[in-house]
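My notes are kept in the order in which I checked things.

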Amino acid sequence: MASANRQRQGGWRWVVCAVVAATCSAPCVHAQQAPAPGAVGRLRPCDEKAAALLQAGIARSATFRLLVETIEQSDLVVYVETRQLAFPGQLQFMSATPGGRYVRVAVRPMGLDNDLVPWLAHELWHAVEVAGAPEVRDRASLLRLYERIGDGFRARGRVEMETVKAQKTQETVLHELRGCRSGR
């Protein structure tokens with residue numbers, strides 16, 4: 001029990017956490033709807049916590065800023081939200097239209113920003129991976145991408161995928177945040 005609690009409280013940094021779900025729960029917004037208030041560009045926060053995490057990442061991490069710039073130059077629209085998850089972070093493919101592709105990135109809302117921003121960076125790296133793969137137009141092609149570039153396993157009836165680069169991005173952002181004077 002104590003071991004499980006430690007994992008839930010932050011020991012998951014090394015654990016595979018990005019989820020490419022074979023089934024998708026209802027998205028926070030539909031791709032056809034206008035972005036959430038305060039949304040800018042291709043990164044669209046769905047809640048205040050997500051907006052604050054994006055803002056903190058951009059303000060405090062050069063690596064995070066590069067992720068944002070890469071996404072902004074792509075055809076990918078990324079809805080960012082915080083919600084309760086089985087894992088610390090998740091990327092889900094939502095839809096594709098002739099004008100662009102839409103994904104949802106989510107991170108757990110609980111924790112310090114210095115822990116959540118790196119998890120968000122991890123998931124944004126996955127968005128960058130998708131942005132660089134124009135053949136990804138649905139969940140099946142997303143799964144094929146991660147079968148090619150990542151490591152996968154089955155958990156809780158879903159296919160879970162991970163890449164080493166996403167894990168390294170998370171570590172880099174964590175180190176950048178720890179190097180900042182103003183911590184949360």
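This is a predicted model: local features need pLDDT of at least 70, side-chain atom pairs count only at pLDDT 80 or more; totals for chains, interfaces and linings use all residues.

Residues are numbered from 1 along each chain as its sequence is written, and side-chain values use heavy atoms, with hydrogens and water left out.

Sheet. I found 4 strands in an open sheet of mixed pairing, ordered β1-β2-β4-β3; strands here are DSSP runs of E, at least two residues, and helices are runs of H or I, at least four, and two strands pair if DSSP finds at least two bridges between them. β1 (43–45) and β3 (89–97) are the edge strands, each with a single partner, so one side of each has no neighbour in the sheet. I then followed β3 to β4 (residues 100–107), with which it pairs in the antiparallel sense over 8 bridges, and saw that Q92 stands opposite R104 in β4.

Helix α4. I looked up H126, which is found in α4 (residues 113–131), and it counts as buried because its relative accessibility is 1%, where buried means under 20% relative accessible area with a 1.4 Å probe, protein chains only. The side chain of H126 makes a polar contact with that of E129 at 2.8 Å (a pair of N or O atoms within 3.5 Å, one able to donate a hydrogen and the other to accept it).

Note on methods. Buried means under 20% relative accessible area, exposed over 50%, partly exposed in between (1.4 Å probe, protein chains only).
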